[in-house]
Amino acid sequence: MSDPRRSFLQLLYEEAPRSAFDQVVADAVEAGVGPDELVRLREEYDVALRLRELIARQQAREAEMRALYETANDLTAIRDVDTILAAIVRRARQLLQADMTYLSLNDEAEGASYMKVTEGALTPEFKQLRLPLGTGLLGLVAQTGEPYFTEDYQSDERFVHRGYIDEAVAGEGIRAILGVPLVLEGRVIGALLAVHRSVRPFPPHEVTLLTSFAAHAAVALENAQLFADLDDAHRTMTQHTAAVEAAALAHDRLTDLLVAGGGVEEVADVMADVMGGPLAVLGPDDEHLAGAEAPGDWSTAAAESVASGRAVRRGRHYVTAAQAGTEHVATLVLDAGGRELDQPALRTLERGALVTSLVILFARTVAETEDRLGGELLADLLEARPSALPALRERARRRQVVLEPPLVVAVAAVTGLDRFPARRALTRLAAEHQGLAGDHLGRLVLLVPGEDPLEAGARLAEAVAARGGSATVGVCAADPDALGDGHAEARRCLETLLTLGRVGEVSDPAGLGVTRLLLGDNDPEHLATYLATTLGPVLAYDEARSTSLVATLEAWFATGGTVKEAAARLHVHPNTVSQRLERITGLLGPEWREPERALDLQLALRVHRLRRSPSR
């Protein structure tokens, strides 16, 4: 036979079972190897066999340590907690040679533990399993924080069994289970389990190994939370820094705008760009001033902003009031698109409102200065002596005001609009036509180049109407060397219109005739008294009976007191005219035909006709 020592070495090399060794011994005895030699060979083989087993255990230990080292190294290299946990579960399965490993996390709000990561699971039901704490081996480990194992779960009565859990376990063919807790800062947060689909025990070193993996998993979860906190802090800091930078940029841009003398439209453009959404600037009455359109009623939100001094939210919009002292001068409406503004953004929006108020105040101050200077020049021109005209014309030339004929003077009385916006409307109209506007003797006055006084008056009335007011206007052509006379004539026309009650109309001297001379200094009450005294009975008779006595008087005077011609003018029979004249005599007395009284009647008839505006 071959050398027994070589045969034993071959067995060791091949890692043969003990039965193979016994066969080699039998072969050696049959070959005549003595007992002492056999004993020596057996002792050498046993030593070699123990050495082989020791080497195998050492190699296994080295593999376990290497896996634990790699896992620990992963904790510093991988920040994704799901990736780390998956690696831990996978390595635990490999080293324990388990059929499946899985990791669960506790849901304290629901009092259950749910599958977080599985390796080797066959059914989707098992991957989605949730176990109430204290139920099954997993639930017991997750509840108590102690390791548990069973050689055959289905027949182990130590655990609380539930139908749906046992069905999921049976679906996987699970028999032996080892579970160890995940502990973080003394608190059980889950469990790590290894299972076999055959009945078998779990030696202590496997419990220790799985416990080590569970400790790494707990560290991974803790690191993940720390990384998440750091990410949140970094994100918050980044957002805060960005907000501060955006606020600083907005401040710089708004400051530059103020220095450059920008207007409300420029403020709206800058704020829309800085805030990242459409922005509208509205007046105190929600009239649109600049920026995007913002239909709707913002008065309530603006009032809240005025009261609080802060921006208020209305759905997808933010509203803030621009105030000058206690005066609400404008409202900013930002369409934020549904996003919520942080504090720096809100402060930027409120700073935009402050800049808006400054711009409006500055524009108002400039306008008031221009109005004052223009009004002073206008007043000087209207009251000037001939000797002062050359100097006044030079002042007008520097302001680019045209004083060459033809010129028009318009004097207006405005209702339904405050004096400042009304004056601004006239000032803008004057600037468009190289003229002047201002207050003079309690009325608004416009001096512009033009050949048609009525057209200039109509433009004035339209400018006031565009601001929501109504203007009654007297106009007159003016001589550059006698502007005061033209102003006086236009003023008489205005006062005559007001006396006649023709509010909202425009008239020149030709449209009022001699009445402007007679009525210019009277008021409507005086005019009504005059008509009642002179023509009152006839007016009352026509009003009560729907007759035409007043029309008959006008026709009779217009035809020189001829009954026949008056009848033809009225398209009636002469006898009808005679009867009406007799009725008038009965009402006014026989002296109404006398020249002095007839003149009063004719003037009263003209005033009555002028009081009835053309639109009536």
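**Salt bridges and a sheet**

Guide: Please keep in mind that this is a predicted model; counted over the structure, there are 24 salt bridges.

Visitor: Which residue forms a salt bridge with Glu-172?
Guide: The partner of Glu-172 is Arg-197, and the closest N and O atoms of the two are 2.8 Å apart. Glu-172 belongs to helix α7 and Arg-197 to the loop between β6 and α8, so the pair ties together parts that lie 25 residues apart in sequence.

Visitor: And is Glu-172 buried or exposed?
Guide: Glu-172 counts as buried, because its relative accessibility is 2%, while Arg-197, at 27%, counts as partly exposed.

Visitor: What about Asp-335, where does that residue lie?
Guide: Asp-335 lies in strand β11, and its side chain meets that of Arg-316 in a salt bridge of 2.8 Å, N to O.

Visitor: Changing topic, in what order do the five strands of the open sheet come?
Guide: The order is β13-β14-β12-β15-β16, with mixed pairing, and the edge strands, each pairing on one side only, are β13 and β16.

Visitor: How do β15 and β16 run, and how many bridges join them?
Guide: They run parallel and are joined by two bridges; in one of the pairings, Val-473 has Val-506 of β16 as its bridge partner.

Visitor: Which strands does helix α14 touch?
Guide: Helix α14, residues 453-466, packs on the sheet and touches β12, β14, β15 and β16, and its direction makes about 155° with that of β15.

Notes. Residues are numbered from 1 along each chain as its sequence is written. This is a predicted model: local features need pLDDT of at least 70, side-chain atom pairs count only at pLDDT 80 or more; totals for chains, interfaces and linings use all residues. Side-chain values use heavy atoms; hydrogens and water are left out. Two strands pair if DSSP finds at least two bridges between them. Helices (H or I, at least four residues) and strands (E, at least two) are DSSP runs, numbered from the N terminus. Contact means heavy atoms within 4.5 Å. Axes are lines fitted to C-alpha atoms, for helices over the stretch in contact, and angles run from 0 to 180 degrees between N-to-C directions. A salt bridge is a side-chain nitrogen of Lys or Arg within 4 Å of a carboxyl oxygen of Asp or Glu. Buried means under 20% relative accessible area, exposed over 50%, partly exposed in between (1.4 Å probe, protein chains only).
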